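Please look over the structure below before reading on.

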Amino acid sequence: MLPELSREEILRYSRHLLIPEVGLDGQRKLKASSALIIGTGGLGSPVALYLAAAGVGHIGLVDYDVVDESNLQRQIVHGTGMVGRLKVDSARTRLLDLNPAIQVDAFNEPFTSANAMRIAEPFDVIIDGTDNFPTRYLINDLCVLTGKPNVYGAIYRFEGQASVFYAREGPCYRCLFPEPPPPGLVPSCADAGVLGILPGTIGTIQATEAIKFLLGIGSSLAGRLLLYNALDMSFEYVKLKKNPNCKVCGPHPEIAGLVDYFEFCGVPSLDHAEGSLGSGWELTARQLAKKLKRGDKIRLIDVREPHELAISCLEGAQNIPLGELAAHLEELDSAQEIVLFCKSGTRSARALEILMSAGFRKVKNLRGGINAWAREVDRSLPVY
Amino acid sequence: MPTLKIPTPLRSYINGQTEVPVSGTTVEQAMQSLMTEFPALRTHLTNSAGQLRPFVNLFLGEDNIKDLKGLDTPLGPDDILRLVPSVAGG
């Protein structure tokens with residue numbers, strides 16, 4: 001039995017009620033439906049705003065981060081006044097201001113194998129708005145194992161992908177990507193940057209797919225992957241098929257429960273700081289400052305992209321962008337002490353691996369990158 | 001010659017180009033010619049045994065070559081191959 005709409009709701013949703021494909025019954029369906037949004041960042045912001053505005057009766061928000069000023073260029077559910085507040089609280093406040101009649105549950109915790117089943121259980125559809133591979137594989141496996149649709153979106157600079165992975169009807173994320181790339185091979189938005197509007201475009205498509213699924217209308221993106229390019233303004237599609245050897249949704253699955261996705265993706269777990277290798281191959285900004293002050297001969301290699309040097313730079317550092325490092329190995333002296341750095345330590349960790357595999361041993365990664373230097377040593381430099 | 005479209009994350013290894021002409025009459029030959037011309041791409045696309053990494057998806061038109069004849073999929077001179085990368089950003 002679907003819930004009735006109040007007089008206020010009939011007015012609020014009148015533009016939906018006028019569409020035959022939605023109508024009164026469709027709006028009542030939305031009121032009775034629920035959606036869990038994993039991540040309240042670039043993608044999660046427009047998804048959450050549009051689902052709340054559309055009248056999805058129960059919305060769950062999962063995030064464990066706080067709002068930072070660098071989020072506001074794209075994470076439009078948050079405002080300047082919310083900087084420093086929990087993202088889930090900030091988003092919940094905004095959604096309830098937009099639509100006080102809905103229920104919004106905030107989960108201020110990392111989404112992990114330990115809590116994913118419990119958190120996701122009451123929700124009809126799961127929306128992947130995360131920014132990392134371990135959580136993407138976790139969401140996929142959770143959705144396959146529980147029979148829920150996974151509304152997928154992912155972004156990089158000017159390009160985005162979207163699909164609906166619904167194993168009951170088509171392929172899952174693992175059918176397309178059986179394994180993640182090695183850690184560090186695919187830079188994150190924090191390292192590579194992203195056009196602020198891009199998650200708006202992709203997130204809005206995810207919200208559209210979620211609404212269509214909840215209403216049971218239209219043709220979904222299941223079995224298709226949308227490839228969007230903002231610079232070309234192109235929307236292209238490729239076909240996705242079920243992989244008969246898929247380890248989670250194939251006829252002979254090997255995965256019967258949620259696993260350790262950080263181990264699967266070969267990345268440090270959440271209790272490690274960003275850019276931390278957790279090994280002896282790194283040094284802190286203060287340690288580097290001490291070495292430079294006492295006159296140690298250190299070759300500083302900045303592996304960021306050239307345009308980032310205009311934001312901040314270290315005196316005496318040589319810029320060799322990560323993508324060009326392999327071609328410049330002959331210029332480096334393996335007998336000399338080398339310190340690699342980037343913005344926050346992730347790309348330079350990859351650079352460290354390149355040098356290590358080439359036989360360099362007197363090389364270290366600056367933990368936390370030039371941003372750590374700006375926070376701990378030279379406060380005249382901006383953090384970005 | 002067939003054309004290979006390259007996604008943004010890999011463009012820094014091919015001098016910033018968005019697409020490159022590749023030579024060969026199969027996907028395998030096209031990929032080998034690409035990696036010979038741009039050796040820095042090899043570690044990103046292949047494992048130590050020289051095989052394409054599992055997260056590398058190649059599409060000929062709308063079809064994944066895994067659903068065609070894999071690396072043996074024939075290529076015509078006007079064909080467009082596309083690399084579809086794993087992207088995590090959100």
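## Strand 4 of chain A

A residue is called buried here if 20 or more other C-beta atoms lie within 10 Å of its own, with the C-beta atoms placed from the backbone. The model is a predicted one, and the descriptions in this report should be read with that in mind. In strand 4 of chain A, which covers residues 125–128, Val125(A) and Ile127(A) point one way while Ile126(A) and Asp128(A) point the other way, and all of them are buried. In a regular strand the side chains alternate between the two faces of the sheet.

Strand 4 of chain A has partners that can be followed residue by residue. Strand 1 of chain A, residues 34–38, runs parallel to strand 4 of chain A and is joined to it by four bridges, and within this pairing Ala35(A) stands opposite Val125(A). Strand 5 of chain A, residues 150–156, also pairs with strand 4 of chain A in the parallel sense, over three bridges, and here Ile127(A) stands opposite Val151(A).

## Nonpolar cores

Which residues have the most contacts inside the largest nonpolar core? They are Ala48(A), Leu51(A), Ile59(A), Ile127(A) and Ala210(A), in a core that has 95 residues. Helix 10 of chain A, residues 198–215, gives the most to this core, contributing nine residues. Another core, of 23 residues, lies apart from it and includes Ala285(A), Phe341(A), Leu355(A) and Leu366(A).

In soluble globular proteins, nonpolar side chains tend to be buried together.

## Helix 7 of chain A

Helix 7 of chain A, residues 133–146, has 14 residues, and at 1.5 Å a residue it should span 20 Å; its end C-alpha atoms are 20 Å apart, which agrees with that expectation. The helix is mostly covered, since 12 of its 14 residues are buried, among them Phe133(A), Arg136(A), Tyr137(A), Asp141(A) and Val144(A). After helix 7 of chain A comes Gly147(A), whose phi is positive, near 75°.

## Two domains in chain A

Chain A is divided into domain 1, residues 33–265, and domain 2, residues 282–376, and the centres of these domains, taken over C-alpha atoms, are separated by 34 Å. Where the domains meet, five residues of domain 1 of chain A are in contact with eight residues of domain 2 of chain A. The side belonging to domain 1 of chain A has two nonpolar, two polar and one charged residues.

Chain B contains an open sheet of five strands in the order 2-1-5-3-4, with mixed pairing. Strand 2 (19–21) and strand 4 of chain B are the edge strands, each pairing on one side only. Strand 3 of chain B pairs with strand 4 of chain B in the antiparallel sense over two bridges, and Phe59(B) stands opposite Asn64(B) in this pairing.

How many residues does the contact take from each of chain A and chain B? The contact takes 41 residues from chain A and 22 residues from chain B. On the side of chain B that touches chain A, helix 1 (8–11), strand 3 (57–60) and strand 4 (63–64) of chain B are the elements that give two or more residues. By class, that side of chain B has 11 nonpolar, eight polar and three charged residues.

Key
Residues are numbered from 1 along each chain as its sequence is written. Chains are lettered from A and ligands numbered from 1 in the order in which they are written. This is a predicted model: local features need pLDDT of at least 70, side-chain atom pairs count only at pLDDT 80 or more; totals for chains, interfaces and linings use all residues. A nonpolar core is a set of buried Ala, Val, Leu, Ile, Met, Phe, Trp, Tyr and Cys residues joined through C-beta atoms within 7 Å. Two residues are in contact if their C-beta atoms, placed from the backbone, lie within 7 Å. Ala, Val, Leu, Ile, Met, Phe, Trp, Tyr, Cys and Pro count as nonpolar, Asp, Glu, Lys and Arg as charged, and the others, Gly among them, as polar. The expected span of a helix is 1.5 Å times one less than its number of residues. Domain bounds come from an automatic or database domain assignment. Two strands pair if DSSP finds at least two bridges between them.
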